[in-house]
Amino acid sequence: MKHISKKLLALTLALVTTLSLSGCSLFAQFDAASYTQAVLDAATKAEFDKYIELTGSTTEDAQAEYDEVLESFLTEYEELSISDELLEKYKQLFIELLAKTKYSVGEAEKDGKTFIVPLTIEPLIIYDGFDEEIEEASNAFREELEAEVAESGEIPSEDELLERSYQLAYDIMSARIASATYGEPQTITVTVSQNSDGLWGISDSDYTAIVSLLVEQP
């Protein structure tokens, strides 16, 4: 599950970056704070209205970008031969995790040709005591499996064991996300500037900082 958590965080970064760089360069009076809010809302909540208004994108394009990155999250799980039903559960799990992230955008200040935007994030806490829980659940699963084999005399296939293992991991993470709490608010500054094509965006280093705070690190 640590591997899964890292994948989720990396995908969050990819999703925010993809949406941000879709912006239109024509802004009479650019509102960096609203832009930052819109980009984060689109990437984490799938709320596209303000993003579309500010960037000139379309609903179809914004949704397609969001869906494309979500699908990329499932690629390595598809290679594991787990069921389509479980794959869909993991996809919805990621959507739920993103939707529960909490942040607020402050008033932007102009700094030359860039804007400095304060961003306050309350980290989503889902990994406290996780290692102990997954170890306990794994031990219980092993004992249950041994009892089943002793009774039936049949050893489950590798695919069945994989399915049940990933279902177990999903159940634990799903319950944790559903009951997640938040850590102390942390404020960082985000730089919003134009690239060589005139498109507004947030720096890569700031994206990394944002993603590292959205969910507590395992």
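## Basis of the values

The model is a predicted one, in which local features need pLDDT of at least 70 and side-chain atom pairs count only at pLDDT 80 or more, whereas totals for chains, interfaces and linings use all residues. Residues are numbered from 1 along each chain as its sequence is written, and side-chain values use heavy atoms, with hydrogens and water left out.

## Overall fold

The protein has eight helices and seven strands, taken as DSSP runs numbered from the N terminus (helices are H or I, at least four residues; strands are E, at least two). Of its 218 residues, 41% count as buried, a term that means under 20% relative accessible area, with exposed being over 50% and partly exposed in between (1.4 Å probe, protein chains only). Among contacts (heavy atoms within 4.5 Å) between residues at least 6 apart in sequence, 73% join residues at least 24 apart.

## Helices α6 and α7

The axes of α6 (residues 130–152) and α7 (residues 158–178) come within 11 Å and cross at roughly 145°; axes are lines fitted to C-alpha atoms, for helices over the stretch in contact, and angles run from 0 to 180 degrees between N-to-C directions. Residues on the α6 side of the contact include F130, I134, F141 and L145, and those on the α7 side include L161, L168, I172 and M173. By class, this contact has ten nonpolar, two polar and five charged residues, where Ala, Val, Leu, Ile, Met, Phe, Trp, Tyr, Cys and Pro count as nonpolar, Asp, Glu, Lys and Arg as charged, and the others, Gly among them, as polar.

M173, placed in α7, is buried with a relative accessible area of 0%. M173 and I126 are 47 residues apart in sequence, yet 7.9 Å apart in space, C-alpha to C-alpha.

## Aromatic pairs

The structure holds eight aromatic pairs, counted where ring centres of Phe, Tyr and Trp (its six-membered ring) lie within 6.5 Å; planes under 30 degrees apart are stacked, over 60 edge-to-face and the rest tilted. One of them, Y127 with F130, is edge-to-face, at 5.9 Å centre to centre and 90° between the planes. Y127 is buried at 9% relative accessible area, and F130 is buried at 4%. F30, Y35, F115 and W200 form one aromatic cluster.
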